[in-house]
Amino acid sequence: MSAKKFIVELDTEERARLNALISKGKAPAKVILKARILLKADTAAGGPGWLDDQILKALDTNLTMVSRTREKFVTEGQRGADAQEARNATNSADFRWRSPSEADRTGLHQAAARSCPLDDPSVGRSGCRAQHRTGGAFQYRRPCAQKNELKPHLTDYWVIPPKANAAFVAAMEDVLEVYHRPHDPRRPLVCLDETSKQLVAETRTPEAMRPGQPARHDYEYKRNGTANIFMLFAPLEGWRHVEVTERRTAIDYAKILRDLSDTHFPKAEKIVLVQDNLNTHTPASLYEAFEPAEARRIIERFEWHYTPKHGSWLNLAESELAVLSSQCLARRIADADTLATEVAACRARRNTHNAKAKWHFTSADARVKLKSLYPAL
């Protein structure tokens, strides 16, 4: 082990504060570890003065942590008249950053300018890396950090609508107009959407919940394929129907529409249908499933409306699927039969409570709040 380049010498007050920090145990683990390193490396009178290899073995850490901790304490403590400011880490009971006053901030900047002049070509980046923080304060907790800083390590997936797109606003205002029609039992409004659910079986018996401990599931699982879920939601009727199918082909979609027309709303003069632009959500799907005369009969039973592309948030069936996902689907379900049973129970509960949805957003609101979507004339 090489000789130590930076010698730590603690005075009585610093040693007492570091011991108090460790004894309280409220600071982050890394901060407590650094305090222990300083105490073990203390070569002043009464200090143990351990070598690096002794500290490594005793504290189960690494050489980089030990050497950097000593270097920070020594180098940031040698700033002439500002030496005491560089030891704020030991002046705080928990080693955490305190927000500096304006006078403190001015003094810090002046100290940085004295110790690291910008016009000195011999000073590199490493020599000035502490100029925006007080001694002992970690760089990621520096006072100039802002909540709105760029975070390139984070991404988010979003439905991004097109700008100045006439097709988008035409479809959007069409759906908004439909949502604000008065309730008419002869022409019920029904929204349609679908989603998939991965079927997952347990490989080990889960442990039931106990006081102070949630239920435990083993991280391993067995994948049993996927199932498709059709959601039919009549927001003004407080009615919904959920159908579990093996796939979501054009034929599956056509059968859902036939059941909606002939089983669920057989007495309706016309069913106002709102859906997204999935490639199977077209009248052509009915011709793939039924004879031409039957397909035409079912098609005439509906008034067709489509949400705009990249505007599926306008489909109320999507909101109802979100409710189903949070209340029923957010767990492991092993097979399609169990899935059908579970979603049927959730559907029955929601229908029993006659849970409705009232749409408030209007075309007038859209022309103000979503002005960027409209073409500029």
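Buried here means under 20% relative accessible area, and Glu194, at 8%, therefore counts as buried. Keep that cut-off handy for the close-ups below, which show a predicted model.

**View 1. Glu194 and Arg248 meet in a salt bridge.** Their closest N and O atoms are 3.8 Å apart. This pair links distant parts of the chain, with Glu194 in strand β1 (residues 189–202) and Arg248 in the loop between β3 and α8, 54 residues apart. While Glu194 is buried, Arg248 is partly exposed at 42%.

**View 2. Glu202 pairs with Arg332.** Here the closest N and O atoms of the salt bridge lie 2.8 Å apart.

**View 3. A salt-bridge network joins Glu177, Arg181, Arg187 and Glu303.** Within this group, Arg181 and Glu177 come together at 3.4 Å, N to O. Arg181 is partly exposed at 28%, and Glu177 is partly exposed at 40%.

**View 4. Strands β2 and β3 make a hairpin.** β2 (residues 221–234) pairs with β3 in the antiparallel sense over 7 bridges, and Ala234 sits opposite Trp239. Of the 4 residues between the strands, take a look at Gly238, whose phi is positive at about 70 degrees. Strand β3 is largely enclosed by the rest of the structure because 5 of its 7 residues are buried.

View 5. Cys346 is buried, at 5%, and the structure holds 0 disulfides.

Key
Residues numbered from 1 in each chain as written. Predicted model: local features only at pLDDT ≥ 70, side-chain atom pairs only at ≥ 80, totals over all residues. Heavy atoms only, no water. Buried < 20%, exposed > 50% of the residue type's maximum accessible area, 1.4 Å probe, protein only. Helix = DSSP H or I, 4+ residues; strand = E, 2+ residues; numbered from the N terminus. Pairing = 2+ DSSP bridges. Disulfide = S-S within 2.5 Å. Salt bridge = Lys/Arg side-chain N within 4 Å of Asp/Glu carboxyl O.
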